[in-house]
Each structure stands twice: as C-alpha cells, then as structure tokens.
Amino acid sequence: MKTNIAIKDSILLAFAITSLASCDLIQPGDIINPNVDDETFIKSPNSMSTWVNGTNSKMASTVGTFVELTEILSDDYFNNYSQSSKVFDYPTILYTDQDVTNMQRGIGTLREMASKGIETISKADNTTTDAQLFNLYYIKGYSYLLSGENFVGLPTEEGGEIKDWKENLNLAIKTFTESLTLAQDDNAKAFINTLIARAYYKLGDETDAVKYANEALSISKDFIKQVEFDGKDGID
C-alpha cells in the first residue's frame with residue numbers, strides 16, 4: 001500500500017513539474033520575435049504597401065463570408081452540403097452563432113486595420129500615396145456599411161460601446177465622403193457614390209439615395225469594382 005502511495009505521489013509531482021514547464025514554453029514572457037514587432041514593421045521599407053495588401057486580403061475574405069451567409073439567409077441558396085450554419089436557412093439568427101461572431105469580427109478587423117494604416121503607418125512611411133489612403137478609407141467606410149446593413153448595433157472603435165445601426169451608417173457616409181477627396185479616377189468616384197447611395201437607401205432616405213446613385217451613373221455607367229487575385233500568392 002505504501003509503495004502504491006509513493007508511486008502516485010511521484011506521478012503527481014512529475015505531472016506538476018511538466019505542467020509548469022509547458023506553461024513556460026507556451027508563455028515565453030519577455031521573448032520577442034523582432035520580425036513581427038510593430039515598431040520594426042512600421043519602420044521597414046514599403047510598410048504601407050504591405051499593410052494595404054494585407055487589408056485588401058482581409059476585405060476580400062470578409063466580403064466572401066458575408067456574400068455566402070447572406071445568400072443562404074435570403075434563400076437564394078439552399079444550404080444542403082456546405083459546412084456553414086444550417087440555421088441561416090430557417091432563418092434563425094443568434095448572436096451566439098459562430099458564423100455571426102465571425103461576421104462581426106470580420107467587420108471589426110477591417111475597421112481597425114484600415115484605421116491603423118491611415119493613422120499610424122501612413123505617417124511613418126513617406127512613400128504613402130493618395131491611392132493607398134483612398135483604398136484604406138473606403139475599406140474603413142465599408143466596415144461601417146456592413147455594420148449598419150446587417151446588425152442592429154456594433155462598436156465603432158476597438159473596445160468601444162455598441163452604437164446603433166444608424167450611427168454606423170452615418171459614419172460610413174462620412175468616411176466615404178472623405179475618401180472622395182482622394183479618388184484618382186471616374187471609376188473610383190462612381191464606386192464611392194454607389195456606396196453612399198447604398199447607405200442612404202438603408203437609412204430610408206430615398207432622396208439622397210437616388211441623388212448619389214444618379215451621380216454615380218453620370219460619372220460612369222459601366223464601372224466595375226472587383227477583387228484581384230494573384231495566381232501565385234493568393235489575394236492581391
């Protein structure tokens with residue numbers, strides 16, 4: 001009996017030591033990888049170009065998620081074989097649903113990536129162009145647009161309080177309007193006017209929705225905006 005107790009005690013002691021060692025490995029404390037440190041990245045050559053590419057990548061994957069799930073929700077697609085949430089078919093939407101959480105996180109990530117590029121990285125990289133800033137401004141505006149179109153309320157900043165859908169849409173309009181000052185060509189201007197019209201439409205403002213839709217058409221009747229993909233590296 002005493003032998004068995006001693007063996008059990010030894011096993012428990014060994015397990016405790018192993019657990020502590022594992023914690024040290026998982027949580028390295030003050031060990032920092034200089035390749036992924038914020039300050040190192042921001043000071044690296046062409047940091048803005050790299051950041052914009054990454055934000056565009058996130059924009060494409062987020063839009064893909066929204067298209068898939070809203071198509072299922074709208075009954076334009078019968079969700080029989082995919083791994084996405086089956087309850088969207090009914091529809092039954094719960095804030096605890098993982099797909100809903102992913103949609104909300106996608107919006108927040110887009111907003112914060114665009115904001116950091118505009119407010120921090122652009123100031124550190126003197127090669128930043130108006131085209132890059134335009135790119136980030138419309139992505140930031142689009143994050144507010146997705147919030148207002150799809151949710152009754154979401155935060156408008158990291159760690160902030162929840163703002164209702166109308167406030168998100170008004171922020172979308174404000175941000176899109178700011179981006180117009182950076183638009184380089186007619187296609188870009190038509191694209192932004194279309195997004196502004198979309199926000200006003202959701203707000204129930206028919207007058208301004210028609211106004212900006214007509215403005216887009218007067219600038220370009222055949223513009224197209226799409227994600228570009230690099231066959232080697234994925235999303236461009």
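**Figure 1. Salt bridges in the predicted model.** A search of the whole structure finds four salt bridges, a salt bridge being a side-chain nitrogen of Lys or Arg within 4 Å of a carboxyl oxygen of Asp or Glu. The structure is a predicted model, in which local features need pLDDT of at least 70 and side-chain atom pairs count only at pLDDT 80 or more, whereas totals for chains, interfaces and linings use all residues. Residues are numbered from 1 along each chain as its sequence is written, and side-chain values use heavy atoms, with hydrogens and water left out.

**Figure 2. The salt bridge between Arg111 and Glu112.** The closest N and O atoms of Arg111 and Glu112 are 2.9 Å apart. Arg111 is buried, with a relative accessible area of 7%, while Glu112 is partly exposed at 28%; here buried means under 20% relative accessible area, exposed means over 50%, and partly exposed lies in between, as computed with a 1.4 Å probe on protein chains only.

**Figure 3. The salt bridge between Arg198 and Glu149.** The closest N and O atoms of this pair, Arg198 and Glu149, are 2.7 Å apart. Because Arg198 lies in helix α7 (residues 186-203) and Glu149 in helix α5, the pair ties together parts that are 49 residues apart in sequence; helices (H or I, at least four residues) and strands (E, at least two) are DSSP runs, numbered from the N terminus. Arg198 counts as partly exposed at 31% relative accessibility, and Glu149 counts as partly exposed at 22%.

**Figure 4. The salt bridge between Lys174 and Glu178.** The side chains of Lys174 and Glu178 meet at 3.0 Å, N to O. Being four residues apart in helix α6 (residues 165-180), Lys174 and Glu178 are separated by about one helical turn. An α-helix has 3.6 residues a turn, so residues three or four places apart point the same way. Lys174 is partly exposed, with a relative accessibility of 47%, and Glu178 is partly exposed, with a relative accessible area of 32%.

Figure 5. The 21 residues of helix α5 (residues 130-150) should span 30 Å at 1.5 Å a residue, and the end C-alpha atoms of α5 are 30 Å apart, which agrees; the expected span of a helix is 1.5 Å times one less than its number of residues. Helix α5 is mostly covered, since 16 of its 21 residues are buried. For α3, the 27 residues should span 39 Å, and its end C-alpha atoms are 39 Å apart, which agrees. The buried residues of α3 include Trp51, Val52, Met59, Phe66, Leu69 and Ile72. Asn46 is found in the loop between α2 (38-42) and α3 (47-73), where the phi of Asn46 is near 55°, a positive value in a residue other than glycine. Asn46 is partly exposed, with a relative accessible area of 47%.

Figure 6. Ser179 lies in helix α6 and is buried, with a relative accessible area of 0%. Leaving aside its neighbours within four places in sequence, Ser179 is in contact with Phe134, Tyr137, Tyr138 and Ile192, where contact means heavy atoms within 4.5 Å. Ser179 and Ile192 are 13 residues apart in sequence, and their C-alpha atoms are 7.8 Å apart in space. Lys202, in helix α7, counts as partly exposed at 37% relative accessibility. Not counting residues up to four places away in sequence, Lys202 touches Gly148, Glu149, Trp165 and Leu169. Lys202 and Leu169 are 33 residues apart in sequence and 8.1 Å apart in space, C-alpha to C-alpha.

**Figure 7. Packing of helices α7 and α8.** Helix α7 and helix α8 (residues 206-219) pack at an angle of about 165°, with their axes 8 Å apart; axes are lines fitted to C-alpha atoms, for helices over the stretch in contact, and angles run from 0 to 180 degrees between N-to-C directions. The two helices α7 and α8 are therefore roughly antiparallel to each other, a term used for angles over 145 degrees, with those under 35 counted as roughly parallel, 65 to 115 as roughly perpendicular and the rest as oblique. Residues making the contact include Asp186, Lys189, Tyr200 and Tyr201 of α7 and Asp208, Tyr212, Glu215 and Ile219 of α8.
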